[in-house]
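Reader: I am new to this structure and would like to learn how to read its features one at a time. Where do we begin?

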Amino acid sequence: MKRKCAEQAYELIKEGMTIGLGAGETIEYLIEFINMGTTDVKIVSPSMKTALLCKRHGIQVIPTWLCDHIDIAFDGCNQIDRSLNCIKTLGALHTQKKMIGAMADQYIILADENKFVEQVDFQVPLAVEILKDGFSYVLKTLFDMGLRAKARITNDKDGYVITDGGNLIVDVDFQSVKDPIETNKAICNILGVIDTSLFCDQVTKALIAKVDGSVITIQK
């Protein structure tokens, strides 16, 4: 499914494009297709793993801070719905991915059909990236809003998860939130919050790979 989805995504790529790439197995397949068939493209990615894979294939990678426009960007997600709202929580790269999505003329999600839902139901928590100095204040404010939140920890190191930008990740249980989009906006307005893992009004299209080998396109 992932390879078929990547193959269809590749058909949207033209020579000379600047392309944003996220992370994951489908993106790795897409890199293989780019390597086999396209020579004059530039890649921008928030993922070091993706950037290094492109470099190994001889594909030019440019840092995000040197880029002000992207022709087309591809990424995966944890869930996406029919309105093209999606959540990207587990990688702790959502702020950088939103930056790439904002620069892109087209921002396309590649997903298996098990990640496609009628409405995002937050089987994974909402990730909130916050400044370290705002840690206690943001947590208190989230609690005052009636939300259950906790700093993300990892078994791979002692202490909290730290993003590439040196910030903390707080996971918020959103399953019982009645109005996720408005609550998300309120969270983004808390001083010290950088951004969250809920993407609204940013994705332009989704390619959904089905078990039968077909790929369906969802767009507004």
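Author: We begin with a strand. T18 and G20 point one way from β1, while I19 and L21 point the other way, and all are buried. Buried means under 20% relative accessible area, exposed over 50%, and partly exposed in between, with a 1.4 Å probe and protein chains only. Helices (H or I, at least four residues) and strands (E, at least two) are DSSP runs, numbered from the N terminus. This is a predicted model, in which local features need pLDDT of at least 70 and side-chain atom pairs count only at pLDDT 80 or more, while totals for chains, interfaces and linings use all residues. Residues are numbered from 1 along each chain as its sequence is written, and side-chain values use heavy atoms, with hydrogens and water left out.

Reader: Why do the residues of a strand point in two directions?

Author: In a regular strand the side chains alternate between the two faces of the sheet. A second case here is β9, where L126, V128 and I130 lie on one side and A127 and E129 on the other, all of them buried.

Reader: How do I read the pairing of strands, and which strand pairs with β1?

Author: Two strands pair if DSSP finds at least two bridges between them. Here β1 pairs with β2 (residues 42-44) in the parallel sense, over three bridges. Within β2, K42 is the bridge partner of T18.

Reader: Which strands pair with β9?

Author: Strand β11 (residues 168-172) pairs with β9 in the antiparallel sense over five bridges, and V172 of β11 stands opposite L126. Strand β12 (residues 193-196) also pairs with β9 in the antiparallel sense, over three bridges. There, D195 is the bridge partner of E129.

Reader: What is the order of strands in the open sheet of four strands?

Author: The order is β8-β5-β6-β13, and the pairing is mixed. The edge strands are β8 and β13, each of which pairs on one side only. Strand β5 (residues 79-81) pairs with β8 in the parallel sense over two bridges. In that pair, D81 stands opposite V117 of β8.

Reader: How should I read a positive phi?

Author: Most residues other than glycine have a negative phi, and most peptide bonds are trans. F122 has a phi near 55°, a positive value in a residue other than glycine. D201 also has a positive phi, near 55°.

Reader: Where are F122 and D201 found?

Author: F122 is in the loop between β8 (116-117) and β9 (126-130). D201 is in the loop between β13 (198-199) and β14 (205-209).

Reader: Is each of them buried or exposed?

Author: F122 counts as buried because its relative accessibility is 5%. D201 counts as exposed because its relative accessibility is 66%.

Reader: What does the side chain of D112 make a polar contact with?

Author: A polar contact is a pair of N or O atoms within 3.5 Å; within protein, one must be able to donate a hydrogen and the other to accept it, and residues adjacent in sequence count only if both atoms are side-chain atoms. The side chain of D112 makes such a contact with the side chain of K2, at 2.9 Å. D112 lies in strand β7 (residues 104-112) and is buried, with a relative accessible area of 9%. Contact in general means heavy atoms within 4.5 Å. Leaving aside neighbours within four places in sequence, D112 is in contact with M1, K2, I208 and A209.

Reader: How do I tell a cavity from a pocket?

Author: On a 1 Å grid over the protein atoms alone, a cavity is a set of points where a 1.4 Å probe fits but cannot get out, and a pocket is an open set with protein on both sides within 12 Å along at least five of seven lines; lining residues have an atom within 4 Å of a point. Grid points are joined across faces, edges and corners, and a volume is the space filled by probe spheres set on the points. A search of the whole structure finds one cavity of 30 Å³ or more, and the largest cavity holds about 40 Å³ of space.

Reader: Which element gives the most to the lining of the largest cavity?

Author: β4 does, with three residues.

Reader: How much space lies in the largest pocket?

Author: About 590 Å³. Its lining has 35 residues, of which A23, G24, D75, G91 and K97 lie nearest the centre of the pocket.
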